[in-house]
Amino acid sequence: MIARDKTNRRCGGFTLTETLIALGVVGILLALFLTVFVPARSMVRDALICQEADRVASTLKAELTTLRAGESAPPDAKTSTIGQYISPFDKAFLLMSCSRTPNTALIIFSYRADTDAQASSRGGYYPAMQSNSKKKKGGKKVPGADTFRLGQMVTVVCPLNKLDSRLKEALRYSQGPVFMVRMSELRENADGSYSVSNSPGTIARANKPEKFVSSEKEDKNAWGGVLMTRADFFVLPTPDPARYKHKTWKQMGRPTFSVNMSFHR
């Protein structure tokens with residue numbers, strides 16, 4: 001008989017030392033992966049937002065200087081209100097005043113709208129990317145009713161607290177970043193430079209657009225003509241209006257980007 005050497009026998013599986021070594025190698029690889037991937041992902045996100053910056057700023061500027069259908073105040077109106085404006089300047093003035101709190105500030109978002117349907121009084125459409133499964137016949141779903149419409153891309157600029165039911169539904173189906181805008185007056189200093197007002201939404205020496213330019217001939221402090229503003233854009237991590245109802249601008253942190261704008265009366 002041949003005697004077997006029991007000292008060369010080894011049980012299957014890994015030893016504790018080998019397991020610890022393997023876990024250490026995996027941990028090192030994971031750390032290296034996160035070191036490279038996380039900053040790269042942040043850089044890509046920031047690059048995409050920077051590409052959006054010019055488009056979003058141009059959209060805001062166009063919205064605040066254009067009276068859409070149904071936004072013009074009646075011919076005999078002497079003052080402007082939100083949604084009914086005497087002039088484009090009045091619109092810019094009043095919508096800038098919405099920046100006093102995040103809950104009332106302007107938000108900008110895009111979504112695909114079902115423009116074949118009638119718009120709401122505020123110009124909101126139902127989102128197109130919804131299931132049409134409500135179409136039934138005799139209590140049963142109609143074959144092929146669960147379809148989706150591509151719709152037309154629509155950009156919304158509206159105070160957060162003025163969203164109607166359709167626009168709130170559209171916000172749920174928004175595509176791309178959702179921006180909140182904080183607008184502050186740029187005040188001219190004695191040396192000709194400008195500084196940002198510490199009170200967003202507040203315009204010096206005027207609380208109504210018709211008082212922006214003095215109409216009194218003997219007023220030595222007559223002013224106006226151009227309203228200089230700083231627009232700070234924040235990307236909303238969660239496009240839920242309820243999340244910002246009691247927020248302050250300090251709690252919103254630093255803006256993603258800022259743009260200076262001017263509005264002429």
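In the predicted model, strands β1 (residues 106-113) and β4 (residues 152-159) pair in the antiparallel sense, with eight bridges between them. Within this pairing, Arg112 lies opposite Met153 of β4. Strand β1 is also joined to β5 (residues 175-188) by four bridges, again in the antiparallel sense; here Ile107 has Met180 as its bridge partner in β5. Strand β1 is mostly covered, seven of its eight residues being buried.

Helix α2 (residues 88-96) is largely enclosed by the rest of the structure, because eight of its nine residues are buried. The buried positions are Phe89, Asp90, Lys91, Ala92, Phe93, Leu94, Leu95 and Met96.

Seven salt bridges were found in a search of the whole structure. Asp90 is bridged to Arg265, with 3.7 Å between the closest N and O atoms. This pair connects distant parts of the chain, as Asp90 belongs to helix α2 and Arg265 to the segment after β8 (257-264), 175 residues apart. Asp90 is buried, at a relative accessible area of 3%, whereas Arg265 is partly exposed, at 46%. Lys91 belongs to a network of salt bridges that also links Glu63, Arg68 and Glu71.

A further salt bridge joins Arg182 to Asp232, the closest N and O atoms lying 3.0 Å apart. Distant parts of the chain are again linked, with Arg182 in strand β5 and Asp232 in strand β7 (residues 226-235), 50 residues apart. Both partners are buried: the relative accessible area is 15% for Arg182 and 5% for Asp232.

The salt bridge between the side chains of Arg172 and Glu169 (3.2 Å, N to O) is local to helix α3 (residues 165-172), where the two residues are three apart, about one turn of the helix. An α-helix has 3.6 residues a turn, so residues three or four places apart point the same way. Arg172 counts as exposed, at 61% relative accessibility.

The mean pLDDT of the protein is 79, and 71% of the residues score at least 70. Confidence is highest in helix α4 (residues 249-252), at a mean of 94, and lowest in strand β2 (residues 136-137), at 45. Over residues 131-139 pLDDT stays under 50, and the model has 14 contacts beyond four places in sequence for this stretch. Residues 141-148 also have pLDDT below 50, with 18 contacts in the model beyond near neighbours in sequence.

Terms used: Residues numbered from 1 in each chain as written. Predicted model: local features only at pLDDT ≥ 70, side-chain atom pairs only at ≥ 80, totals over all residues. Heavy atoms only, no water. Buried < 20%, exposed > 50% of the residue type's maximum accessible area, 1.4 Å probe, protein only. Pairing = 2+ DSSP bridges. pLDDT = per-residue confidence, 0-100. Contact = heavy atoms within 4.5 Å. Salt bridge = Lys/Arg side-chain N within 4 Å of Asp/Glu carboxyl O.
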